[in-house]
Amino acid sequence: MFVSVAMQEYTIDAGSSIVVRGNSAVLRCIVPSFVKDFIKVTSWLQDGNFNIYPSRDGESYFLPESCCSSLPSLESNYSHLQICGYSWAVGKDSQGKIWGLLLSPIDGKLHMLPTGELVVVNAGTADSYSTYQCRVTHRLSDETRVSTGVARISVSEAQGITPPRFSERTLSIEARRDELVVLPCFAEGDPPPDYRWEFGGSPVPEDEQRYTSGGLLIIPRARPHDSGRYTCTASNPAGNSRLDVSLLVSWPLSARVSPALLTAGLDNINGFIHGILWKVPIQYVTKISVSVTPTNYQCALGQPAQMTCTTTGHPVTMVLWMKNGQSLSSLRGGMSGEVFHLASVSREDQGMYQCFVKNEKDMAQGTAELRLGDTPPQLVYGFIRQNIQPGPSVSLKCVASGNPTPNIKWTLDGYPLPLNERFVIGQYVPMYGDVISHVNITSVHVQEGGTYQCSAVNRVGEASHSAQLNVYGKLHIGQIVADRWLFQGAPHVRPMGEVSAVAGENLKITCPVAGFPIDGVKWYKGERELPINRRHLVFPNNTLVIEKVQSGVDNGVYRCDATDKQARTASGTAHVNVMVDETADDGEIEFDCVPVPPKITPFNFRSDLHLGERVGVQCVVSKGDPPLDVYWLKDGHKLGVHDGQVEGEGIVLRTLDQFTSVLSIGALALTHGGNYTCQARNNAALATHTAPLSVNVLVCAWGCVSVPPAITPFSFGELSAGERVRVTCSVKRGDGPIAISWLKDASPLMSQGPSLSLHDELDLTIQHLEEFSSVLAIRSVSSRHSGNYTCVASNPTRTTMFTAQLLVTVPPTWAVEPQNAAAKLGQQVVLDCKVEGFPKPTISWKKASGQTPGHYHELSTHQLKQQSGGAHLLPNGSLLLETVAQEDEGHYLCEASNGIGVGLSAVVQLTVHAAQFNIHFCSKPPSIFEFVLGRSWSVEEELQFLAAMLLVTSQLALFGGKKEILLK
């Protein structure tokens, strides 16, 4: 959604304040109401020279106005850092360059509140001479403005002792988690009152989390437990007064629906198996992120199912479940707050489910879709064998299930059904039902008898059913007129037409005979009854098979004669064309009129493939003349290839040679299920072979060996101390009864009840949702929770275990905080930097460039060894200088980080004291005076050297002579 905002002209003003001497004055920035929601007060300008900023610790700081002019974007983008005990304003200029400006503390005189007000504490005559302007930033345009008017403080004298008085009795403040919160409490009275804060009827303890400054209660990082009613009492000798402040700390809401993936199979519907799938996508509402746990479950239709909406955030005022836009309170199922329960899963339960959580500021939702999972077709109902007389109407029906909805096709003796007005084929799908297909024959004729077959096909697989429709007949003379059968007698053989055969392969032909009963069927080639050699096989079901068809031998017209018990006979013919290759006398291959057609070696996918596994098959064209074109189809659609990759499918196709193509899938997904077809084409013919690929094939429900349990892998993820964690152990397959238990570091976590277990020593809970799942939850993790957690699933066949490691990360903390150090030349010194945390923190050292900290360069141990008498980084992180040299003096920066939090850093100063200059003359001075000069002298050393030089000069004058002074 796009929002168009018209920028309306506005002006900013600053309101003055009148205050009794010694009390606090409050200055406010006056913003027009129509633009107030887009304006943020960023600072106050005092006397046009100094900007007053708030900081994270509740204090305020001066920043010269001259700095602001060079940093136009610092007004809205600055942040505060504490470095070496000093406060810095850090931001970027318009060119993206990072600036750091040292701020001057105001020593508690001025306080800028996060809400934009400026508080002047202990107002006096001097404060009435200053002017104040507020600086604001427009949130949309990032434009910065300074108030046109200036605010002043008028200080009046008290007219006698007066009790404290508040301008308002109650305040309500809202804040987000981790924000700086300043609760104001300023009353006017004489003498100026003292302030006392209470929370829940008890004095507010002052610590790093909450402390006071004058009448302010400062909370640097607000937490939800800080929410509540605070009372500020202002008192002086004349009396007291009270102010009630309500604080509400909120944080973003999130909703998590679990289980994220629920598979249900039809357990007992006419002996066929189906599946239902819970699929939960991630959806975002406003600024709220919705996380979904990837958990798998399996259960049968008719069994209970449960969805849990896990929420985080504060406060949560409402939890609402909906399905397809309707409240679930009016639909089937039961709700209990964040849990929705279905006593028995049925087809009507498929649809979109939503869990809404909201409060006055925020809203989040988790969305789940219940739909049928991909399952191969199953014939739920099939027609039976019938023996009937000619004349009555006949209806044949097949009912199939599967997802996607299968399509049903009909054949008669392997050939398409006759096309005439007496044959009506219908197919429909009732709501939440199976596909139903029927063939209605009006006034059935003798020639319409035979073997009828219905085949249900979808992208997952195929299923078929066949039975005979035997129609009794009488002998009459018949004929074919306009391609319609007008026979009035029996038996009857329907036309077979042209049949193509491939040299070297087997050929199968069925005689489509009608008329019941049939005494026998004979096959002929020419006038010779088959079989005439070992390659000819005639079966009782009216089928002829010719093995390894030969060119020049097996070409020709084949006839089948059908005879009933009255010796009445009907015949039908098939014209067989054989595509062959012949070997010439010189050993070279010569082809007849048509080339040899391609033949594909059959391939299949494994039937036990699961999500995430790898699979590959080869399509090998074992025979056939080039040029050959080999390609792949999935569910009848050709796979488009770019650089060997099927775009968006995760499928890789590789051509090894002109006769071999390889299809591979690196990680199976549900979308990979379907029928894969390899086709090979040349100038002679098209050869195809299709193999179904099934992912997560359902286990049979009757008459099977008990299936051992299989656990869906789970993990705890990355956790920091104080966070919540919840993992689900799901048994994705396996026959019941199944018992689930938990271990921690190989020790059992004992269950205290069938559904919920509490473990006080670890502050964790174990909840058994159903027979096939168990949830382990920890409300607040700490280092004592670290370890290996094992889910154990057992049934009469086997015990299966899955172990996941829980590691609680701890940010670096000081074990020994670095301190400044001093050493004399040549001595040994250790600069401490001992840090604890998990994972183990990495410690690095840097040295300041120059005599003041600020700019550092990396300092390796090798560099230190070259500069001095040797340095070592100790295992505990401290830096050891074995022999201190003058160049080792300076500021060192120790940094510790383990990827958790912001890390630690500290700057220490190493001072190196040079040797004293002690000169003694017994008589005459020596010929050469030697002095050791360091590269960098302190002020004390320079004074000592000057004193020594004066002494030498005086001695030279006393004894006379000219001497040399050697400086080293």
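Which residues does L806 touch, not counting residues up to four places away in sequence? L806 touches F716, L719, V725, I778, H785, S786, G787 and Y789, where contact means heavy atoms within 4.5 Å. The structure is a predicted model, in which local features need pLDDT of at least 70, side-chain atom pairs count only at pLDDT 80 or more, and totals for chains, interfaces and linings use all residues. Residues are numbered from 1 along each chain as its sequence is written, and side-chain values use heavy atoms, with hydrogens and water left out.

**Confidence**

- The chain has a mean pLDDT of 76, and 73% of its residues reach 70 or more; pLDDT is the predictor's confidence in each residue, from 0 to 100.
- Residues 68-77 have a pLDDT below 50, and this stretch has 29 contacts in the model beyond near neighbours in sequence.
- Over residues 475-488 the pLDDT stays under 50, and the model has 20 contacts for them beyond four places in sequence.
- Where pLDDT is low, the predicted coordinates should not be read in detail.

**Largest nonpolar core**

- The largest nonpolar core holds 25 residues, of which F716, W742, L749, L776, I778, Y789 and L806 touch the most other members.
- Such a core is a set of buried Ala, Val, Leu, Ile, Met, Phe, Trp, Tyr and Cys residues joined through side-chain atoms within 4.5 Å; buried means under 20% relative accessible area, exposed over 50%, and partly exposed in between (1.4 Å probe, protein chains only).
- Two or more residues of this core come from each of β71 (725-733), β72 (739-744), β75 (764-770), β76 (773-778), β77 (787-794) and β78 (799-806).
- β71 gives the largest share of this core, 4 residues.
- Strands (E, at least two residues) and helices (H or I, at least four) are DSSP runs, numbered from the N terminus.

- An open sheet of 3 strands has the order β70-β79-β82, with mixed pairing; two strands pair if DSSP finds at least two bridges between them.
- At the edges stand β70 (719-720) and β82 (834-838), each of which pairs on one side only.
- β70 pairs with strand β79 (residues 808-816) in the parallel sense over 2 bridges, and S720 stands opposite T809 in β79.
- K824 lies in strand β80 (residues 821-824) and touches V884 and H913, not counting residues up to four places away in sequence.
- K824 and V912 are 88 residues apart in sequence, yet 5.4 Å apart in space, C-alpha to C-alpha.

**Antiparallel pairs**

- Strand β51 (residues 520-525) runs antiparallel to strand β55 (residues 556-563), joined by 6 bridges; A562 in β55 is the bridge partner of V521.
- β55 is also joined to strand β56 (residues 569-579) by 8 bridges in an antiparallel run, and V576 in β56 is the bridge partner of G556.
- β55 and β56 form a hairpin with 5 residues between them, and A567 in the turn has a positive phi of about 65°.
- Strand β29 (residues 305-314) pairs with β33 in the antiparallel sense over 4 bridges, and Q306 stands opposite H341 in β33.
- In strand β33 (residues 339-342), F340 and L342 form the covered face, and V339 and H341 the uncovered one.
- In a regular strand the side chains alternate between the two faces of the sheet.

**A buried glutamine**

- Q365, in strand β35 (residues 363-372), is buried, with a relative accessible area of 6%.
- The side chains of Q365 and Q354 make a polar contact (3.0 Å).
- A polar contact is a pair of N or O atoms within 3.5 Å; within protein, one must be able to donate a hydrogen and the other to accept it, and residues adjacent in sequence count only if both atoms are side-chain atoms.
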